[in-house]
Amino acid sequence: MYATASSTRLKAARRLTKRALRQRERAFLAEGPQAVSEALGSGTRMSGLFVTAPARVRHAELVARAADAGVDVQVVSGEVMSELAQTVTPQGLLAVCDFVDVPLSDVTDGRPRLVALMANVRDPGNAGTVLRAADAAGAGAVVFADASVDPYNGKCVRASAGSLFHLPVVVGARLAETAGALRDAGLRVVAADGRSGSTLDDPGTAARLAEPTAWLFGNEAWGLPPELLDLADESVAVPIYGRAESLNLATAAAVCLYASASAQRRARKN
């Protein structure tokens, strides 16, 4: 039923492990049953699916679903799958998907109430986890601005756990232009900054989070420099009640996004 992968197909897939070649071909690799299922469910164009023999048996329904959708399913060895997936223990399924990012105008035209805006976020695991948290919090979009990591990096795709296919993603936007466009669309830009004197549990801050908000998150090591903080309407810190020096980026982002989501839900009920 399924063909053994051809050398031409494998060569094309290997190219997608490199960012420059992903950009040229506007395609990326999505590993694992969760990512493959979400890609199929979202209607993302999938040009190919590589599967190992054990995974073909283990995920027979999902593989058949892909084949029924017209996806070219090809069987590969475990060694080839490890090379393509670039993981120690690959899950045996790897899809070739078209890029899913959208222009910033698509986001602003939709008048979202909650957006995650990443500036110079370099770690793909963190970026993918922020994307997943934004999806879980019901955000309307995630923006990868300035020198942030490529969201199609394999580690970022895995960390998003399928959320890359759930909500609009903007890639390569200039931060100053993005902040202005989101503000014009009715959102307040709030910077997550551990040095701020204002905290999430301040009553005034909590009240303002009921308004449409774009959370601005900075680099894992140095946060947001003054020139980027100046782009925000307000800076807010996640309060630290214990002895931890700080929270990592993904954890802080999840707390901030859920604070806004909760405030907005309460406001709609009142």
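**Exercise 1. Which elements of the chain have the lowest and the highest mean pLDDT?**

Solution. This is a predicted model, where local features need pLDDT of at least 70, side-chain atom pairs count only at pLDDT 80 or more, and totals for chains, interfaces and linings use all residues. Residues are numbered from 1 along each chain as its sequence is written, and side-chain values use heavy atoms, without hydrogens and water.

Step 1: pLDDT is the predictor's confidence in each residue, from 0 to 100. Strands (E, at least two residues) and helices (H or I, at least four) are DSSP runs, numbered from the N terminus.

Step 2: strand S1 (residues 3-4) is lowest at 64, and strand S10 (residues 213-217) is highest at 97.

Step 3: the chain average is 92, with 98% of the residues at 70 or above.

**Exercise 2. Describe how helix H1 packs with helix H6.**

Solution. Step 1: the axes (lines fitted to C-alpha atoms over the stretch in contact, with angles from 0 to 180 degrees between N-to-C directions) of H1 (residues 7-15) and H6 (residues 78-85) are 9 Å apart, at an angle of about 30 degrees.

Step 2: angles under 35 degrees count as roughly parallel, over 145 as roughly antiparallel, 65 to 115 as roughly perpendicular and the rest as oblique. H1 and H6 are therefore roughly parallel.

Step 3: in contact (heavy atoms within 4.5 Å) are Leu10, Ala13 and Arg14 of H1 with Val80, Glu83 and Leu84 of H6.
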